[in-house]
Amino acid sequence: MAPDPHFQLPISRREALRRTGMGMGWLGATSLLAAETAAAEANSQRSMAPRPPHQKARARAVIHLFANGGPSHLDTFDRKVVLEQYAGREVPGVLPTERRTGAALPSPFAFHRHGESGLEISDLFPSVARHADRLLVVRSMHADVPNHEPSLMLMNCGDGRLVRPSTGAWVTYGLGTENQNLPGFVALCPGGYPIKGTENWRSAFLPGAYQGTYVDTKKKKIAELIENVRHPLLDRESQRRQLDLTLALDRRHLESRQHDPQLEARLASMELAWRMQFAATDAFDVSREPAHVLARYGDDIQGRQMLIARRLVERGVRYVQVWHGEGQPWDSHDQIEKNHRRLAGECDRAIGALLDDLVQMGLLESTLVVWGGEFGRTPTVELPSAGTGVKEPSGRDHNHHGFTIWLAGGGVKGGQAYGATDELGFKAVEKPVHVHDLQATMLHLLGLDHTKLVYRHSGRDFRLTDVHGTVIEDWLA
């Protein structure tokens, strides 16, 4: 019979021999994959294992309460009596601002002295004020520009223009974390991302294991709060075998891709997700707390996420960032009295409860708590203008020349105000503190020398503070 001219072998003889040879090699695949998986898992855990600091550390963890949008220092922690004298009138001198502003706007909130230190705090924060003697209020902060995006990047990543590793990523890179079953760096933000999104907590050119893990704290159910942390069908043993195979194959793929950082991050996330299955459920489930604890924090978004932050630090998580919400909620260009009262009302009780618990549990001494935004606001009222959305002169514009943050615990001196803005509250004039100085001091409190915490990338050494930053010795207890 003549051969069919349209017939073709499914594979050539050469391909058949090649496949057979490969098949013989795969007889030893089980032991090979097991060895590669074990090595990959050990490497992943080693990258996040606790490491000794450069020097003696005062703090072991950070809770960064980020009031994104730029809270007004003049209405919270930096009272200016002169504004009351100039109320409704033009202030002396010319104040360079992002947009045209008008007359002086005195704070609509009353200030009172609190604690033995006599720190002046507005009535927006009565629960925080209970801890006045534990607060280091820095009234002389300044940044580079009056825009949200670069100021957020500067505060979180040390650079206002280019994507750089975030502070939490640098901290976990330098110190690792104390709980290998939870992320070392967690970003809690309800309802969605803030301005600049994940760039606020990414690892950039640092290995992906150090990036922040985002959690939407608007969600209450554990299955929604930490999605897909458990497989709906496979048991634990089957999942482990599946993960072992996937990791081994992906590691080979990674080596052929010259250790692509995005692929590295995915592999680290897969391994972490495996370890998180039970630890995360325990850490994020605030319903396990007694009823009286839940009542102190409040049954709302801010209460839940402050409580989660405490539970994470309790369990050895190194860096927790707590955002007030998506976008820039504290950005009060108008109706500042109404908006700031609402915003402070949403978080004051929960912050007070967080500080209460850290004190009671003996954790405040080893936990650095930082509160503040990316900049402050002007002492003058912002005037309505096209394209800004400002409808009435009742708010304040952005101001990076002078603003306030506060720190507590973690080795800082409490019960004091550091530095000052001018008499109008516009510019830092006494002991000015740049954002890089804040970052250098935070790292110092954690036992890290900011000049030695470097990573070589693109032919040069990078660090959080770039070529800037000075440790503020006066802050240290």
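The legends below describe close-up views of a predicted model. Local features need pLDDT of at least 70 and side-chain atom pairs count only at pLDDT 80 or more, whereas totals for chains, interfaces and linings use all residues. Residues are numbered from 1 along each chain as its sequence is written, and side-chain values use heavy atoms, with hydrogens and water left out.

**View 1. An open sheet of three strands, in the order β2-β10-β11.** Helices (H or I, at least four residues) and strands (E, at least two) are DSSP runs, numbered from the N terminus. Two strands count as paired if DSSP finds at least two bridges between them. The pairing in this sheet is antiparallel. β2 (101–104) and β11 (396–399) each have a single partner strand and stand at the edges, so one side of each lacks a neighbour in the sheet. From one strand to the next the twist averages 60°, with axes taken as lines fitted to C-alpha atoms (for helices over the stretch in contact) and angles running from 0 to 180 degrees between N-to-C directions. Three bridges link β10 (residues 376–382) to β11, and Val 381 stands opposite Arg 396 in β11.

View 2. His 400 has a relative accessible area of 9% and is buried; buried means under 20% relative accessible area, exposed over 50%, and partly exposed in between (1.4 Å probe, protein chains only). Not counting residues up to four places away in sequence, His 400 touches His 142, Ala 143, Asp 144, Val 145, Pro 146 and Phe 375, where contact means heavy atoms within 4.5 Å. Val 145 is 255 residues from His 400 along the chain, yet their C-alpha atoms are separated by 5.9 Å. The His 400 side chain also reaches the backbone oxygen of Asp 144 at 3.2 Å.

**View 3. Strand β12 and its two partners, β5 and β9.** Six of the six residues of β12 are buried, so the strand is largely enclosed by the rest of the structure. In a regular strand the side chains alternate between the two faces of the sheet. Phe 403, Ile 405 and Leu 407 lie on one side of β12, and Thr 404, Trp 406 and Ala 408 on the other. β5 (residues 135–142) runs antiparallel to β12 and is joined to it by five bridges; Met 141 stands opposite Phe 403. β9 (residues 367–372) pairs with β12 over three bridges, also in the antiparallel sense, and Val 370 has Leu 407 as its bridge partner. Thr 404 has 4% relative accessibility, and its contacts beyond four places in sequence include His 73, Phe 77 and Trp 371.

**View 4. The largest nonpolar core, with 53 residues.** A nonpolar core is a set of buried Ala, Val, Leu, Ile, Met, Phe, Trp, Tyr and Cys residues joined through side-chain atoms within 4.5 Å. Among the residues with the most contacts inside this core are Leu 188, Phe 284 and Trp 406. Helix α12 (residues 336–360) gives the most to the core, with nine residues. A second, separate core of 47 residues includes Leu 175, Trp 323, Met 442 and Leu 445.

**View 5. The buried helix α13 (residues 435–445).** Eleven of the eleven residues of α13 are buried, so the helix is largely enclosed by the rest of the structure. Among them are Asp 437, Met 442 and His 444. Gly 447, with a positive phi near 90°, follows α13.

Methods:
Polar contact = N/O pair within 3.5 Å; in protein donor to acceptor, adjacent residues only side chain to side chain.
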